[in-house]
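Please study the structure shown below and then work through the exercises. Each task is followed by a solution in steps.

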Amino acid sequence: MKFSVIFEAQLADPTVEHEHQVIRDCVEQAVLAEEMGFDRIWAVEHHSLKWYAHMSAPEVFLSYVAAKTSRIRIGHGVVCMPFRFNHPARVAERAAMLDLLSGGRLDLGAGRGGTEQETSLCGVDRDRTTAEVEDALRIIGKAWQKEELEYHSELIGIDPHPILPRPSQTPHPPLFLACSRAETLVQAAELGIGALVMGFAGPDSIAGMRRAYDAARAARTGERFVSTVVNDHFSVLCPTIVLDDREEARRVGIRGQRFFAQSIGHWYGGAGIPDEAVVRGATGEDEAAEMRRAAEQVVARLHEQRIPVRPSATATFNADHAYGTARDAIAYVERLRDAGADEIMCLIQMGTVPQEACLETLRQWGDTVIPHFKKKGEGR
């Protein structure tokens with residue numbers, strides 16, 4: 001089992017000064033993650049999603065981190081793959097350059113960036129995003145298989161051109177797909193690429209998603225593979241704050257997750273803007289109750305806007321995660337392991353979580369949680 005840290009550069013107070021500090025804080029956390037024995041960091045590309053994600057250029061962030069580290073893998077995931085966000089050939093070029101300069105440490109994940117806020121910024125056709133993401137993955141999978149890339153489909157045509165430079169890993173860095181629904185899990189398995197799975201709904205939901213992924217793997221014929229190399233890796237999100245004081249960790253973690261959930265509700269479900277002030281000083285139990293009420297409001301708004309409400313719509317409001325002491329985190333990770341996780345993606349940097357709590361959480365994982373699983377042969 002692998003351990004990683006995921007960054008979206010989220011902040012409750014989006015002043016210029018705070019925004020700049022949060023991004024610098026993310027760099028500090030990434031460097032510490034290597035020191036504490038994490039296997040990978042992930043940085044997620046989003047655009048114009050104020051509060052929720054200010055990581056608009058993860059390739060620059062990751063290049064900076066790569067220069068400050070030597071071992072930890074660099075997860076460029078996800079890249080918004082629809083063509084008006086990023087032309088597939090340009091993604092391949094940037095990925096190869098980062099893989100080369102990092103010494104072959106890159107992993108590359110794909111996503112749709114499908115919110116109206118993001119697609120309207122770059123003129124992306126939302127009806128084409130799923131197909132364009134798949135085409136982009138096929139292009140990247142073929143980019144260095146021959147001296148020149150040539151690709152033609154209903155969506156895009158690329159006449160023979162060399163894609164330069166060539167990556168350090170051959171034929172390309174491992175490929176992944178962001179998965180939040182059964183359809184995308186099946187797609188990832190059929191394409192022969194890893195799954196980056198949202199884990200807010202908890203281990204039982206993760207186990208169901210793993211079964212769907214494995215069933216699609218068992219049924220696939222290989223006809224849809226995007227590359228000659230198959231990557232069957234199942235990475236699971238794990239919201240976590242770990243401190244010596246269990247109640248303080250739960251308070252900080254649930255408060256951060258509540259902000260995270262409000263931000264998602266705003267951009268993905270039409271809810272109001274995040275309102276951190278209403279929970280300042282509240283206890284974990286109070287905030288859990290607030291989260292349940294907020295969930296009901298989001299569902300109501302989704303129904304009002306005739307947006308289908310999936311079972312996972314309120315999963316972000318589930319507060320049963322790795323919040324507490326290191327022993328609490330170990331117990332929760334064991335549940336995720338038993339649910340089928342190949343990798344635990346720690347979500348620590350949430351909009352209201354102080355930098356000191358982020359750094360202490362990384363230390364606690366490095367000192368206690370990760371070594372616990374390494375001793376059992378489940379680490380690197």
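**Exercise 1.** Determine which residues S263 touches, not counting residues up to four places away in sequence.

*Solution.* Contact means heavy atoms within 4.5 Å. By this criterion, and leaving out residues up to four places away in sequence, S263 touches W51, Y52 and P274. The model is predicted: local features need pLDDT of at least 70, side-chain atom pairs count only at pLDDT 80 or more, and totals for chains, interfaces and linings use all residues. Residues are numbered from 1 along each chain as its sequence is written, and side-chain values use heavy atoms, with hydrogens and water left out.

**Exercise 2.** State where S263 is found, and whether S263 is buried or exposed.

*Solution.* Step 1: S263 belongs to helix 8, residues 246–269; helices are DSSP runs of H or I with at least four residues, numbered from the N terminus. Step 2: the relative accessible area of S263 is 1%. Buried means under 20%, exposed over 50%, and partly exposed in between, with a 1.4 Å probe and protein chains only. S263 is therefore buried. Step 3: its side chain reaches the backbone oxygen of F259 at 2.9 Å.

**Exercise 3.** Identify the buried residues of helix 7 and the elements against which they pack.

*Solution.* Step 1: helix 7 spans residues 203–219. Step 2: its buried residues are P203, I206, A207, M209, R210, Y213 and A216. Step 3: these pack against several elements, including helix 6 (182–191) and helix 10 (326–339).

**Exercise 4.** Classify L101 as buried or exposed.

*Solution.* Step 1: L101 lies in helix 3, residues 88–101. Step 2: its relative accessibility is 68%, so L101 counts as exposed.

Conventions
Helices (H or I, at least four residues) and strands (E, at least two) are DSSP runs, numbered from the N terminus. A polar contact is a pair of N or O atoms within 3.5 Å; within protein, one must be able to donate a hydrogen and the other to accept it, and residues adjacent in sequence count only if both atoms are side-chain atoms. The expected span of a helix is 1.5 Å times one less than its number of residues.
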